[in-house]
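I set out below what I looked up in this structure, entry by entry. I begin with a single residue and widen the view from there.

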Amino acid sequence: MATPDATVPGPGGTLDPKEKRKVLAGTMVGTTIEWYDFFIYAQAAGLVLAPLFLAPLSDASPAVAQVLSFATIGISFLFRPLGAIVAGHLGDKFGRKRILVFTLVMMGAATCAIGLLPTYAQIGVAAPVLLILMRIIQGFSAGGEWGGAALMSVEHAPVDKRGYFGAYPQIGVPCGMILATFVVWVITAVIGNEAFLEWGWRIPFLLSFLLIIVGHLIRKTVEESPVFKLMQQRRAKSSAPLGRLFRKNSKEVILSALIFVANNAAGYLVIAFMATYASRPVEEFGLGMERGPVLLATTLASFGWLVSTLYGGWISDRVGRVRTFQIGYVLLAAWAVPMWFMVDTANIYMYFLGLFVFTLTFGLSYGPQSALYAEMFPAEVRYSGVSIGYALGAILGGAFAAMIAELLLTNFGASWTIGVYVVFLSLISFVAVSLVKKNIQGVDLHADEDEPTSVT
């Protein structure tokens, strides 16, 4: 292993606590805002976009229109690997800071644009075309965001706290989910369902403009710290061609993708499917529950995801990241089917409890992810490797999870079949993470490109 550059914080971390807090705050807040933008669309896809942008089909067949509306969530995922490749290459060459700001602004611009789009009734087929174009931009942005935020925190953590530090950008996802669902709930409660369908759905998208300003100001503060300057120096010196990633680390890319599929699929069921399923009419394969309480219960249940993610990162520093992932996927598989029987009671308290326990299982297979991925790849291609692996895992996992859940529900008429789908994905991810060598924990993250591969 190569000795770290003297100007770069070493494996034990030499930055003072104030600078580390800036990094953690910048990655967490920025990631929260980025995923708020992404999840607002997922919420809208389940609640209002089908009748607004697919009006003729929605009138003829609401179920088919809803499936296609969920499919538009997945379209953006197909462009996340492209965003990961571009951002990863630039991040490995020039540093994290510019890429993080660029992806944040790009996501916010696309989100605001969706809030201004005319509907099918106003411009016809051009409406869904423009909607899909904005989703593509969102997907490109999301593909580049996660890797930079995750590595910014992990690469400056003390060796024995990488899992905990890496959990901070991870909790941006449940925080973004909580914020998105809460905003939709508040607006619906204030103006009512009819007004929300007519015009109120635009407000959450337009609010992204204010959030982007806040996020940019926070990240600007972090950019001026020595942490980001040192990272830029190291990246400029150690950049490597993208081709090297696939020549020498293709196995790590594949494993990192498969490790993520079950967690991402389960997460997107909560994000995009659960509230829709619970609140739509029984004749449309729903539970007929009142939308307002369902949105509030979903918001509160998501706090389980937040807490368990922090705990998952923390505990992985003690029992090992592979072991933490394994326990998480066993718990996820064990609860994936029973949850639906609680949800199907159509009782708001049972709905909340079932969903809350479900989100608690996410953290053990999400909190340690940043640290595990960082330790799997050498420094020269780390941004590219973790970003592309994450993006591919998202395509295989969450991209079409809501659509697949909708198809299973309409074809079999039993929600528990969705749980079987999650169990199957959990088995795949369990096997994949079990193939990662357990002795990679604590490796020198500043090792040069000749470091041997870390997986079997």
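Entry 1. I listed the contacts of Tyr 351 (contact means heavy atoms within 4.5 Å), leaving aside its neighbours within four places in sequence, and found Met 274, Ala 275, Ala 278, Met 289, Val 294, Ala 297, Thr 298, Met 342 and Val 343. I note that the model is predicted, that local features need pLDDT of at least 70 and side-chain atom pairs pLDDT 80 or more, and that totals for chains, interfaces and linings use all residues. Residues are numbered from 1 along each chain as its sequence is written, and side-chain values use heavy atoms, with hydrogens and water left out.

Buried is under 20% relative accessible area, exposed over 50%, and partly exposed in between, with a 1.4 Å probe and protein chains only. This core has 109 residues, and Phe 273 and Tyr 351 have the most contacts inside it. Helix H15 (residues 250-279) gives the most to this core, 17 residues. Another core, of eight residues, lies apart from it and includes Leu 24, Ala 157, Cys 175 and Ile 178.

**Entry 2. The chain as a whole.** I counted 24 helices and zero strands in the protein chain; these are DSSP runs numbered from the N terminus, helices being H or I of at least four residues and strands E of at least two. Of its 456 residues, 61% count as buried. Among contacts between residues at least 6 apart in sequence, 86% join residues at least 24 apart.

**Entry 3. An enclosed helix.** Helix H9 (residues 162-170) is largely enclosed by the rest of the structure, because eight of its nine residues are buried. I find Phe 165, Tyr 168 and Gln 170 among the buried residues of H9.

**Entry 4. The largest pocket.** Which residues lie nearest the centre of the largest pocket? I find Gly 46, Gln 66, Arg 280, Pro 281 and Glu 284, out of 22 lining residues. A pocket here is an open set of points on a 1 Å grid over the protein atoms alone where a 1.4 Å probe fits, with protein on both sides within 12 Å along at least five of seven lines; lining residues have an atom within 4 Å of a point. The space in the largest pocket is about 380 Å³. By class, its lining has 11 nonpolar, six polar and five charged residues.

**Entry 5. A buried serine.** Ser 69 is placed in helix H4 and counts as buried, because its relative accessibility is 2%. Its side chain reaches the backbone oxygen of Ala 45 at 2.7 Å. Not counting residues up to four places away in sequence, Ser 69 touches Ala 45, Leu 49, Ala 50 and Leu 54.

**Entry 6. Buried or exposed?** Lys 20, in helix H1, counts as buried at 12% relative accessibility. Tyr 349, in helix H20 (residues 348-360), is exposed, with a relative accessible area of 66%.

**Entry 7. Positive phi.** Phe 285, a residue other than glycine, has a positive phi near 60°. Phe 285 is in the loop between H15 and helix H16 (291-301) and is partly exposed at 36% relative accessibility. Ala 346 has a positive phi of about 60° although it is not a glycine, and its place is in the loop between helix H19 (338-343) and H20.

Notes. Core = buried A, V, L, I, M, F, W, Y, C linked by side-chain atoms within 4.5 Å. Points joined across faces, edges and corners; volume = space filled by probe spheres on them. Nonpolar A, V, L, I, M, F, W, Y, C, P; charged D, E, K, R; others polar. Polar contact = N/O pair within 3.5 Å; in protein donor to acceptor, adjacent residues only side chain to side chain.
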